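Thanks, everyone, for making the time.

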Amino acid sequence: MATYDDFIKLDIRVGKIIAVEDFPEARNPAYKLTIDFGEGIGQKRSSAQVVKYYEKEDLMGMLVLGVVNFPVKQIGPFMSESLTLGVPDEEHNCILITPDKKNAIVGGKLY
C-alpha cells in the first residue's frame, strides 16, 4: 500500500503546452510535446499518445498535469523528460488530465 510519503515524492505540476510535433517514429501514434512548467522547472519534453482525441492545434496552449521528477526516458529517437498524465477511455486511448479552471498557475504543484 502506498503512503502519503510515497505520494509526495512525485512532483506533479501544471504545465502549458507550447509546442506540438508529429512523432512518426513512435510505435503507436503520438505527438512530441514541449511543455512549460514555469519558473524553477522550465520547459520539458514529453511524448503523448493522444492523437485520437487531440489535434496539434487543440493542444497548443492547453494546461496539463505532468510528473517532472522522473528520470529521462528514451522513446525511440526521442528523450522524454516528463510524464504527461492521462486516463484511458474504454479502448485504452489517452484522455489528458487538465485543470478544470483556466486560471490554474503554470508550475503549480498538485496537492
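Let me begin with a definition: a residue is called buried when its relative accessible area is under 20%, exposed when that area is over 50%, and partly exposed in between. Please keep in mind that what you see is a predicted model. With that cut-off, S47 counts as buried because its relative accessibility is 18%. S47 belongs to strand β3, which covers residues 43-48, and, if we set aside its neighbours within four places in sequence, S47 is in contact with F23, A30, Y31, I75, F78 and S80.

Now to the rings. A pair of aromatic rings is described by the distance of the centres and the angle of the planes. How many aromatic pairs does the rule give here? The count comes to two. One is formed by Y4 and F7, a tilted pair at 6.1 Å centre to centre, with 40° between the planes. Both residues sit in helix α1, residues 4-9, three residues apart, or about one turn of the helix. Y4 is exposed, at a relative accessible area of 59%, whereas F7, at 34%, counts as partly exposed.

F23 and F78 also form a tilted pair, with centres 5.5 Å apart and 55° between the planes. This pair links distant parts of the chain, since F23 lies in the loop between β1 (12-22) and β2 (31-36) while F78 lies in strand β6 (residues 78-80), 55 residues apart. To return to S47, its contacts include both F23 and F78.

Key:
Residues are numbered from 1 along each chain as its sequence is written. This is a predicted model: local features need pLDDT of at least 70, side-chain atom pairs count only at pLDDT 80 or more; totals for chains, interfaces and linings use all residues. Side-chain values use heavy atoms; hydrogens and water are left out. Helices (H or I, at least four residues) and strands (E, at least two) are DSSP runs, numbered from the N terminus. Buried means under 20% relative accessible area, exposed over 50%, partly exposed in between (1.4 Å probe, protein chains only). Contact means heavy atoms within 4.5 Å. Rings of Phe, Tyr and Trp (its six-membered ring) pair if their centres lie within 6.5 Å; planes under 30 degrees apart count as stacked, over 60 as edge-to-face and the rest as tilted.
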